[in-house]
Amino acid sequence: MLKINLLPAYVYERRRVRRAAIGFSLLFVAVVFGMLAWWAVLNSKQKGLQAQVTDMEMKAQEVARLEQEAQVEESRIPVIQAKVAFIEGLKEYNLQIPKLYEELAKYTYSRILYRSVQPSGSQLTIEAHARTLGDCGRYLMNLYRATHLFSSVAISGVPGWPSGGGGGVSELPSGFSFQVTCALVQQIAPPTYGGAGAGAPGGGMPAGGAPGAGPPPGPVSP
Amino acid sequence: MTGSKLRTIHVIIIGSFACIVVIVGLFFLLIKNSYKEIAALNARYQTAQQKWVQKASVEARLAIARANNRIVTAKYEGYLRTKMPPISFQDRTQGMIALWKEQGETLGPLLQSWPARTGVTLLSSVQVPAAPVDPNSIDAALISIPVGSFSVKGGFRTILSHLRSWNDFNRLVQIGPATLSGSSPGMTAEYAVTVYIFPSGEAGPPVAMAGTGQAGLGGMPGVGAAGPPPAGPP
């Protein structure tokens, strides 16, 4: 059987338009609702995150406070440390000359008489007296062995013949005076406040002496 | 008559366009901003968290700093007790007066009696210089008092022991390189002595003194401003 639709096309068109309008209206509402829902979800997430951030930032502030406290504590140390280092450096410096003299005594031949010993920052000048050239030579050899004390040893005033004193070598029983200049291995300098001590800590001088060195300290009468 | 000219295709186009406009508009108005704020919050969270992670190490650092500070301070206070007179320049004038007493009354006798107590004879006389008289010019960090040269007599060992004993003196002393002369036991040692004083505490503000020309200083009632007196009637 053949069906024939005799209604005009615009009748159906109107229906389709209405349906499409309703459909798109619903879609529009759904889209708006969906977007708002998305925004609400994001908003809620943002609020949760905000609370977490606030909490974490308070913790971070606590850490920053601790860090600042540590910096303050650390900044106090160098000031006091410099004072303590100066005091200790000074005490160490005060001991350096006695230590040097004690070591020198170990390397001093017992038949040598010291007239004076004069230290300066980097050298030691010794005015001494010997009875014989042999004594003087032995003394000098001892000083050459004190390499931990002196980097160089120079002697002057050893007499020739006839000696300037008039007696010459033949008058050696009365002896002669000479001068020894020793360059110190370790410079003796006082510490400075506010910086590292210029005078390095002594570090101790090794014990021991030289052959022929007499135990009695210092000068021995000729 | 067909009535409205609106076709389905028109509805579809208008509807789709409206939806797209709403989607784009709301995205840029609301969603994008929210994402931006969330990203910023995330960045802040990460930064704060990185700081928070360091808490243990910072606490350890603080504990070490405190311990070191305690050790150094205890050592320094020990030296203050045994080696320094109680002089503080928090009040500069009082500090200066305390320094006067130290240099004018205390230090001289202490220095003079020390050689005899350590077994040597003092040959020279001790002269302590006068203390400064301007409280503002005193270096409140470290006071250095050069006492001059000491000449002492004794045996070699006694002199060495005497030189060492300056470290036990109840002031901080620097002794210069000692020159030895003569024969033991009548040997003579000569050396320079400098006394150092660390004042306790921090220095206070400079003292305002009369005559320093500070403006705005008050005066006694009835006292006019400085300057020539006003010319009176002839």
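## The contact between the two chains

Strand E1(A) and strand E4 (residues 179-181) of chain B run antiparallel and are joined by 2 bridges, where strands pair if DSSP finds at least two bridges between them. Within this pairing, Ser116(A) stands opposite Ser181(B) in E4(B). The model is a predicted one, in which local features need pLDDT of at least 70 and side-chain atom pairs count only at pLDDT 80 or more, while totals for chains, interfaces and linings use all residues. Residues are numbered from 1 along each chain as its sequence is written, and chains are lettered from A and ligands numbered from 1 in the order in which they are written.

The contact as a whole draws 65 residues from chain A and 63 residues from chain B, two residues being in contact if their C-beta atoms, placed from the backbone, lie within 7 Å. On the side of chain A that touches chain B, helix H1 (9-106) and strand E1 (112-119) of chain A each supply at least two residues, and H1(A) gives the most, with 51 residues. Helices (H or I, at least four residues) and strands (E, at least two) are DSSP runs, numbered from the N terminus. By class, that side of chain A holds 39 nonpolar, 11 polar and 15 charged residues; here Ala, Val, Leu, Ile, Met, Phe, Trp, Tyr, Cys and Pro count as nonpolar, Asp, Glu, Lys and Arg as charged, and the others, Gly among them, as polar.

## The helix pair

The axes of H1(A) and helix H2 (residues 55-83) of chain B come within 8 Å and cross at roughly 30°, with axes fitted as lines to C-alpha atoms over the stretch in contact and angles running from 0 to 180 degrees between N-to-C directions. H1(A) is therefore roughly parallel to H2(B), a label given to angles under 35 degrees. The contact of these two helices, H1(A) and H2(B), comprises 13 nonpolar, 4 polar and 12 charged residues.

## The chains one by one

Along the sequence, chain A follows the pattern α-β-β-α-β-β, whereas the elements of chain B run α-α-α-β-β-α-β-β-β from the N terminus on. The table lists the buried share, a residue being buried if 20 or more other C-beta atoms, placed from the backbone, lie within 10 Å of its own.

| Chain | Buried residues |
|---|---|
| Chain A | 26% of 222 residues |
| Chain B | 23% of 234 residues |

How values were computed: Angles under 35 degrees count as roughly parallel, over 145 as roughly antiparallel, 65 to 115 as roughly perpendicular and the rest as oblique. A residue is buried if 20 or more other C-beta atoms lie within 10 Å of its own, exposed if 12 or fewer, and partly exposed in between; C-beta atoms are placed from the backbone.
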